[in-house]
Amino acid sequence: MNIKVCGITTAKQVQQLDGLDIDFAGFIFVPDSPRYVEGKLDKKAIKNADFDLKKVGVFINPSYSDILDAIEDYGLDVVQLHGEETPEFCSDLNEDVEVIKVFHIDESVKDIDALVAPYDEACDYYLFDTKAGEQKGGTGKQFDWSILAKSKIEKPFFLSGGIGVDDIAQIKKFKHPDFYGVDINSKFETEPGVKDLAKVLQFKVGMK
Ligand SMILES: O=C(O)c1ccccc1N[C@@H]1O[C@H](COP(=O)(O)O)[C@@H](O)[C@H]1O
């Protein structure tokens with residue numbers, strides 16, 4: 001099971017997460033997020049360090065050039081898209097970098113396979129997060145995962161949205177052939193953008 005820790009704002013914490021064998025580290029490029037990295041994260045340190053983990057940039061409806069600048073500045077390996085980005089936009093981007101397309105889920109979503117179908121050829125991974133009004137990420141809220149268990153999906157996906165250490169047993173029970181990883185964020189913080197590494201370690205060990 002892959003683990004992605006999102007919302008990191010210092011190079012030191014990225015280094016520490018790499019030391020914990022975390023698979024993906026996420027950086028938020030959304031200006032109104034309390035985890036926004038600009039002005040906090042040292043670009044050069046992130047770009048030049050030799051990490052095993054993959055560096056993921058998280059965006060909502062970005063311009064193509066903003067993404068290319070962030071890839072260049074921070075040496076991103078993956079781009080995670082939380083907005084209404086079209087399949088064409090994702091597909092173009094996917095020629096340069098790995099892409100995670102995010103889908104927001106609540107009880108109004110009845111057919112996951114129909115929702116993801118247009119993106120089948122346009123990204124590498126899906127990520128399922130909770131739909132919570134206008135807020136497009138970092139809500140700390142969970143959705144009912146059973147809708148995923150009933151869906152084909154047919155692409156590696158991350159489970160996301162309000163996941164914490166108390167969810168380890170439920171995650172272990174959740175079965176799907178394309179279940180690729182878990183994305184953790186706001187439930188693992190001492191304050192927004194500052195991860196509680198002891199909690200991350202507890203999660204990592206608990207998931208074994
Ligand atoms: O964390 C944020 O502030 C954020 C802002 C805008 C888009 C995405 C954001 N985070 C992503 O939200 C999900 C779920 O987070 P949580 O566990 O519910 O706090 C995760 O994929 C983060 O990458």
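Predicted model: local features only at pLDDT ≥ 70, side-chain atom pairs only at ≥ 80, totals over all residues.
Helix α3, residues 64-74, lies across β2, β3 and β4 and runs at about 150° to β3.

Let me take the strands in turn. β2 covers residues 24-28, and 5 bridges join β2 to β3, residues 54-59, with the two strands running parallel. Within that pairing, Phe-27 has Gly-57 of β3 as its bridge partner. Gly-57 also stands opposite Val-79 in β4. The pairing of β3 with β4 is parallel as well, and it comprises 4 bridges.

β4 itself spans residues 78-81. Which way do Val-78, Gln-80, Val-79 and Leu-81 point from β4? Val-78 and Gln-80 point one way, whereas Val-79 and Leu-81 point the other way. All of these residues are buried.

I now turn to the sheet to which these strands belong. In general, strands of a sheet pair through backbone hydrogen bonds, either parallel or antiparallel. Here the order is β1-β2-β3-β4-β5-β6-β7-β8, and these 8 strands form a closed barrel with parallel pairing. Neighbouring strands of this sheet are turned by 30° against each other on average, with direction ignored.

Next, the ligand. How many residues surround the ligand? There are 25, and the closest are Cys-6, Ser-33, Gly-137, Gly-138 and Ser-186. By class, this shell holds 7 nonpolar, 13 polar and 5 charged residues. The chain has 8 helices and 10 strands. Its radius of gyration is 16 Å, close to the 17 Å that the globule rule gives for 208 residues, so the chain is as compact as a globular protein of that length. The C-alpha trace spans about 45 × 40 × 30 Å along its principal axes. Of the 208 residues, 36% count as buried. As for contacts with a separation of 6 or more, 61% are between residues 24 or more positions apart.

Definitions and conventions
Residues numbered from 1 in each chain as written. Rg over C-alpha atoms; globule rule 2.2 N^0.38 Å. Buried ≥ 20, exposed ≤ 12 C-beta atoms within 10 Å, placed from the backbone. Contact = placed C-beta atoms within 7 Å. Near = placed C-beta within 6 Å. Nonpolar A, V, L, I, M, F, W, Y, C, P; charged D, E, K, R; others polar. Pairing = 2+ DSSP bridges. Axes fitted to C-alpha atoms, helices over the stretch in contact; angles between N-to-C directions.
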